[in-house]
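Biologist: I am new to this structure. Could you take me through its ligands, one question at a time?

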Amino acid sequence: MPSLIRDLASEVGDEHVLTEPDMLVGYTTDWTRRYHGDALCAVRPGSVQEVTAVLRACAAHGATVIPQGGNTGLVGGSVPAKARAPAPVPANGRAPASVPAAAPGPRPAPARSLGAVVLSTRRLRELGPVDTLGAQVTAGAGVTIAELRAHATAAGLEYGVNLASRDSATVGGTIATNAGGIVAIRYGATRSQLLGVEAVLADGSVISRLSGLAADNAGYDLAQLLVGSEGTLAVITAARLRLWPAESAAVTLLAGVDGIAAAAALYAQIRSLAPGLRAAEYFEAAGVELVREITGLPAPLSRPAPAYLLAEISGSTDDAERLAAIPSLEQAAVAVDAPGRAALWAYRERHTEAISTAGIPHKMDVAIPLTRIAAFRAELDEAVRDAADGAAGTGPSGPRVFVFGHIGAGNLHVNVLGPDPADSAVDETVMRLAAAHGGTISAEHGIGRAKAALLHLSRSQPEIAAMRAVKTALDPGGLLNPGVLLR
Ligand code: FAD
Ligand code: 2HG
Ligand code: ZN
């Protein structure tokens with residue numbers, strides 16, 4: 001191990017190889033505090049050449065590599081697993097009977113034994129000039145989404161991804177997870193913003209397609225292959241990204257509704273009235289109460305409602321008046337200026353922070369077809385109660401369930417407080433319920449370590465076998481993020 005540290009330090013400089021436990025903890029614990037593991041060190045390369053050197057050194061020493069950007073991921077994919085003591089060799093030399101049957105498809109070589117190295121991309125911060133003619137820009141993997149958005153805005157354009165973690169989440173991390181966020185119904189998820197990437201493969205070779213050609217059909221689209229790959233196929237070092245014309249004005253509407261069916265119906269109504277719909281978000285009374293308790297915000301509307309729809313359209317005061325006149329609106333607040341809009345957004349955007357302040361949540365990120373979303377919601381509370389019943393940590397009043405999300409995409413974030421973070425019965429129940437309603441177990445956060453065992457709920461065996469074949473072809477030694485996405 002000391003020789004690995006020496007080799008890494010000689011490539012990136014002593015100050016960029018962190019080994020002290022108190023320095024490492026921020027790299028080995030995820031944002032939720034539910035996932036934490038062990039690392040030999042965290043290394044912070046400052047160029048694509050240094051990333052190559054780090055991967056080659058780790059491979060040579062038999063260490064694995066965990067790519068990490070802003071470490072805001074919510075599925076345990078950005079941090080290493082706990083180091084395991086080596087398994088005892090059975091006396092008869094055969095595998096113990098409890099070893100599960102192998103899933104179909106080729107598998108990468110067994111995980112290496114030395115331990116994990118966290119590769120932080122946060123020093124890859126180069127942000128190129130905006131090409132206003134082509135409406136595109138090249139950004140280093142470690143540039144944050146807030147920096148990228150500000151850079152685009154300064155050139156009169158908009159980057160089409162926005163999310164509450166914008167100050168820390170990075171270009172590389174959002175590509176690796178195909179992050180969605182609050183304007184995905186307008187511009188698509190991160191996948192739709194990507195024109196090309198530069199990335200280092202497990203063998204240290206560099207693939208680079210940063211020309212920005214919007215029309216380029218020469219073979220497999222390797223950039224798109226890396227979208228949603230969660231650090232298992234390559235380390236992304238830079239990306240060429242599409243930008244959009246900035247929208248001059250926006251109107252935000254917060255409406256109180258009876259429940260999710262009413263929210264979905266109101267969303268559809270607004271969509272037909274306002275072609276410039278930018279966002280359609282859902283949350284409920286329990287979440288608003290907690291957000292207010294943690295932040296001290298006033299009540300959002302004059303009367304509390306069971307649930308809320310927050311919609312944003314590109315438009316002006318006239319559009320605001322048209323929206324406010326929708327007959328089914330019982331009570332609503334409308335804002336056209338930036339501070340007023342931010343005040344309404346706070347009730348939605350501060351959910352994650354408020355829930356995390358109250359405890360370590362179980363986070364599920366499902367999407368359900370809009371036609372089934374009310375049926376899913378109707379069954380959810382009882383299913384969670386049953387699954388949490390008797391679990392360590394669940395108090396006599398039962399689990400606390402918070403449901404919010406991007407209703408325009410059918411994407412609901414189900415957060416549950418109460419059951420011990422190590423108990424996954426609630427997580428599995430919610431994901432199975434989503435699958436039973438024709439939904440997916442991961443709408444936008446990815447699979448990570450949290451859901452790798454349940455990937456089969458959303459992908460068929462042939463699909464998982466094909467994914468394993470891709471992983472084996474690109475990373476035959478199992479260097480990159482073992483245990484994430486594919487068990
Ligand atoms: P990390 O957390 O560091 O890593 C995430 C995954 O990507 C890991 O598997 C990691 O190994 C891999 N990875 C990171 N960088 C690279 C790289 N350069 N090359 C290869 N692999 C890499 N997500 C949404 O989709 N929509 C939301 O609205 C949203 N809101 C959020 C709000 C809050 C308050 C928080 C805390 C999180 C939110 N997230 C949301 C989740 C998270 O911000 C996203 O998943 C984001 O894309 C993660 O980016 P990151 O840079 O922090 O990546
Ligand atoms: C959001 O939409 C994020 O706010 C985070 O995706 C969701 O905290 C969560 O579960
Ligand atoms: Zn979300």
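Biologist: How far does a polar side-chain atom of His 445 lie from an oxygen atom of ligand 2?

Modeller: This is a predicted model, where local features need pLDDT of at least 70, side-chain atom pairs count only at pLDDT 80 or more, and totals for chains, interfaces and linings use all residues. Residues are numbered from 1 along each chain as its sequence is written, chains are lettered from A and ligands numbered from 1 in the order in which they are written, and side-chain values use heavy atoms, with hydrogens and water left out. A polar contact is a pair of N or O atoms within 3.5 Å. For His 445 and ligand 2 the distance is 2.7 Å.

Biologist: What share of the accessible area of ligand 2 does the protein cover?

Modeller: Accessible areas come from the Shrake-Rupley method with a 1.4 Å probe. On its own, ligand 2 has 290 Å² of accessible area, and the protein covers 88%.

Biologist: Which protein residues are the donors of the zinc ion (ligand 3)?

Modeller: Donors are N, O and S atoms within 2.8 Å of the metal (3.2 Å for Na, K and Ca); water is not among the atoms, so sites may look incomplete. The protein donors lie 1.9 to 2.1 Å from the zinc ion, and their spacing in sequence is H-x6-H-x30-E. They are His 406 (NE2), His 413 (NE2) and Glu 444 (OE).

Biologist: Which of the residues around ligand 2 have a side-chain atom 3.0 Å from one of its oxygen atoms?

Modeller: The residues surrounding ligand 2 (a heavy atom within 4 Å) include Arg 348, Lys 363, His 406, His 413 and Glu 444. An N or O atom in the side chain of one histidine is 3.0 Å from a ligand 2 oxygen, and a polar side-chain atom of a glutamate lies 3.0 Å from one too. The residues are His 413 and Glu 444.

Biologist: Which element gives the largest share of the shell around ligand 1?

Modeller: The shell around ligand 1 has 36 residues, and Pro 67, Gly 69, Thr 72, Gly 73 and Thr 170 are the closest. Helices (H or I, at least four residues) and strands (E, at least two) are DSSP runs, numbered from the N terminus. β3 (63–68), α5 (171–177) and β9 (234–242) each supply at least two residues. The largest share, 5 residues, comes from α5.

Biologist: How far is a backbone N or O atom of Gly 73 from an oxygen atom of ligand 1?

Modeller: A polar backbone atom of Gly 77 is 3.2 Å from a ligand 1 oxygen. For Gly 73 the distance is 2.7 Å.

Note on methods:
A polar contact is a pair of N or O atoms within 3.5 Å; within protein, one must be able to donate a hydrogen and the other to accept it, and residues adjacent in sequence count only if both atoms are side-chain atoms.
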